[in-house]
Amino acid sequence: DVALRKGERKANDGAQTGFHATKMSAKDALDVVGGFRNGLAYGAKIRAPHAFVMTLLFRRDVALRKMIKDVATVTHEHSRNLALFALIYKGLSRGLRRVHGGNSNVYYSIAGFIGGYIIWGKNTNVNSQINMYLLSRILFGLAKELGQAGYAPVNDQVFPIFAGFVWMFVMTMFEMQRTRAKLQPSLVSSMDYIYHQSNRFKGVEDMLTQPGLLLPIVAGIVAKML
């Protein structure tokens with residue numbers, strides 16, 4: 001009887017230990033909240049200046065109130081989505097690691113997919129920009145990985161060909177009215193400013209007196225001096 005009771009006590013102690021091992025610690029919770037906080041801060045730091053500059057460059061005909069609202073809206077969306085994704089991703093990956101043990105990459109894949117589906121799955125301009133940005137980085141990373149493994153040529157001789165095809169496709173899509181609408185609006189605005197609005201200058205004097213020319217000249221001089 002004594003041996004039986006000792007065995008039952010050990011089993012219960014083991015069960016309690018396993019139960020506590022699956023619970024997220026205070027440090028886990030703090031790390032998850034820290035990810036939420038840093039997502040908010042990083043989103044605002046990156047998006048607000050970008051949105052402000054783009055609005056000044058390409059939407060100067062819009063009322064000041066509308067400009068401020070648009071900048072605030074995209075800044076809020078970018079910051080909120082980064083913060084919520086960090087919350088979901090870190091919470092799920094930590095939780096899976098606690099429940100199943102180890103440090104498997106599968107946990108990160110599952111957490112990334114669920115967070116991406118929930119947070120970045122809505123088709124907005126901000127989400128499209130971020131998803132396309134990440135896709136380009138993923139393709140570059142995979143190409144480098146294939147090159148290092150010997151499955152694909154990735155070197156200075158191949159890169160110009162790659163660049164040529166990229167610009168061939170994007171310029172053709174931009175110039176064709178039917179496919180231009182399929183491109184990201186911010187990209188179309190940028191390209192329209194460079195390639196189409198540049199046809200409206202009335203002369204060299206008009207070209208030189210337009211705003212925006214001084215900054216790159218000063219930047220070039222400073223870059224050479226430093």
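1. A word on terms before we start: a residue is called buried under 20% relative accessible area, exposed over 50%, and partly exposed in between (1.4 Å probe, protein chains only). By that rule Arg94 is buried because its relative accessibility is 15%. This is a predicted model, in which local features need pLDDT of at least 70, side-chain atom pairs count only at pLDDT 80 or more, and totals for chains, interfaces and linings use all residues. Residues are numbered from 1 along each chain as its sequence is written, and side-chain values use heavy atoms, with hydrogens and water left out.

2. On confidence, pLDDT is the predictor's confidence in each residue, from 0 to 100. The protein chain averages 83, and 87% of the residues score at least 70. Helix H4 (residues 105-119) has the highest mean, 95, while helix H1 (residues 2-22) has the lowest, 48. Helices here are DSSP runs (H or I, at least four residues), numbered from the N terminus. Where pLDDT is low, the predicted coordinates should not be read in detail.

3. A salt bridge puts a side-chain nitrogen of Lys or Arg within 4 Å of a carboxyl oxygen of Asp or Glu, and the structure holds five. Asp28 pairs with Arg94 at 3.0 Å, N to O. Arg94 belongs to helix H3 and Asp28 to helix H2, so this pair ties together parts 66 residues apart in sequence. Asp28 also forms a salt bridge with Arg98, with the closest N and O atoms 2.9 Å apart. Asp28 is buried, at 7% relative accessible area, whereas Arg98 is partly exposed, at 31%.

4. Within helix H2 (residues 26-58), Asp31 and Lys27 sit four residues apart, about one turn of the helix. Their side chains meet in a salt bridge at 2.6 Å, N to O. With Arg98 bridging to Asp28, shared partners join Lys27, Asp28, Asp31, Arg94 and Arg98 into one network.

5. Helix H3 (residues 64-100) has 37 residues and reaches 54 Å from its first C-alpha to its last, close to the 54 Å expected (1.5 Å times one less than its number of residues). Gly101, with a positive phi near 80°, follows H3.

Conventions: Helix = DSSP H or I, 4+ residues; strand = E, 2+ residues; numbered from the N terminus.
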